[in-house]
Amino acid sequence: MATEIITSFLQICDANGDPLSGAKINVYAVTTTTPLSLFSDTGLSVSAANPIVTDSAGRHAMRYVATGSYKIVVTTSADVPLYERDNIDGRVPVGSGALAIVNG
């Protein structure tokens with residue numbers, strides 16, 4: 001199963017709100033700097049580059065990782081750190097059609 005990379009839904013911008021062309025989104029295993037394999041399809045059969053690089057609008061194409069938690073480190077094109085998020089919950093797998101129900 002596959003999970004979308006959370007930045008696939010975001011525009012990466014600088015502190016002034018201007019889109020960052022060429023920003024890098026590095027995707028790692030939780031609490032590490034071990035790169036995870038990324039894919040451009042939900043079947044996890046077409047490899048994609050890690051880090052993900054944004055276009056001139058600060059966006060990138062949808063990218064997927066195997067279901068599970070992960071860490072992202074976002075930098076400028078010159079590798080200046082912007083922010084880091086660790087232990088991002090992989091949520092419901094793409095195409096699973098099911099939502100978890102707690103106590104109910």
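Visitor: What percentage of the 104 residues in the chain is buried?
Guide: This is a predicted model, where local features need pLDDT of at least 70, side-chain atom pairs count only at pLDDT 80 or more, and totals for chains, interfaces and linings use all residues. Residues are numbered from 1 along each chain as its sequence is written, and side-chain values use heavy atoms, leaving out hydrogens and water. Buried means under 20% relative accessible area, exposed over 50%, partly exposed in between (1.4 Å probe, protein chains only). By that cut-off, the buried share of the chain is 32%.

Visitor: In what order do the four strands of the open sheet lie?
Guide: The chain has eight strands and zero helices. Strands are DSSP runs of E, at least two residues; helices are runs of H or I, at least four; both are numbered from the N terminus. Two strands pair if DSSP finds at least two bridges between them. The pairing here is antiparallel, and the order is β5-β2-β7-β8.

Visitor: Which residue is the bridge partner of V27 in β7?
Guide: Strand β2 (residues 24-28) pairs with strand β7 (residues 70-75) over five bridges, in the antiparallel sense. In β7, V27 has as its bridge partner I72.

Visitor: Which residue forms a salt bridge with D79?
Guide: A salt bridge puts a side-chain nitrogen of Lys or Arg within 4 Å of a carboxyl oxygen of Asp or Glu. For D79, the closest N and O atoms are 3.0 Å apart, and the partner is K24. D79 sits in the loop between β7 and β8 and K24 in strand β2, so the pair ties together parts 55 residues apart in sequence. The partner of D79 is K24.

Visitor: Is K71 buried or exposed?
Guide: K71 meets E84 in a salt bridge, 3.7 Å from N to O. E84 has 46% relative accessibility, so E84 counts as partly exposed. K71 has 7% relative accessibility, so K71 counts as buried.
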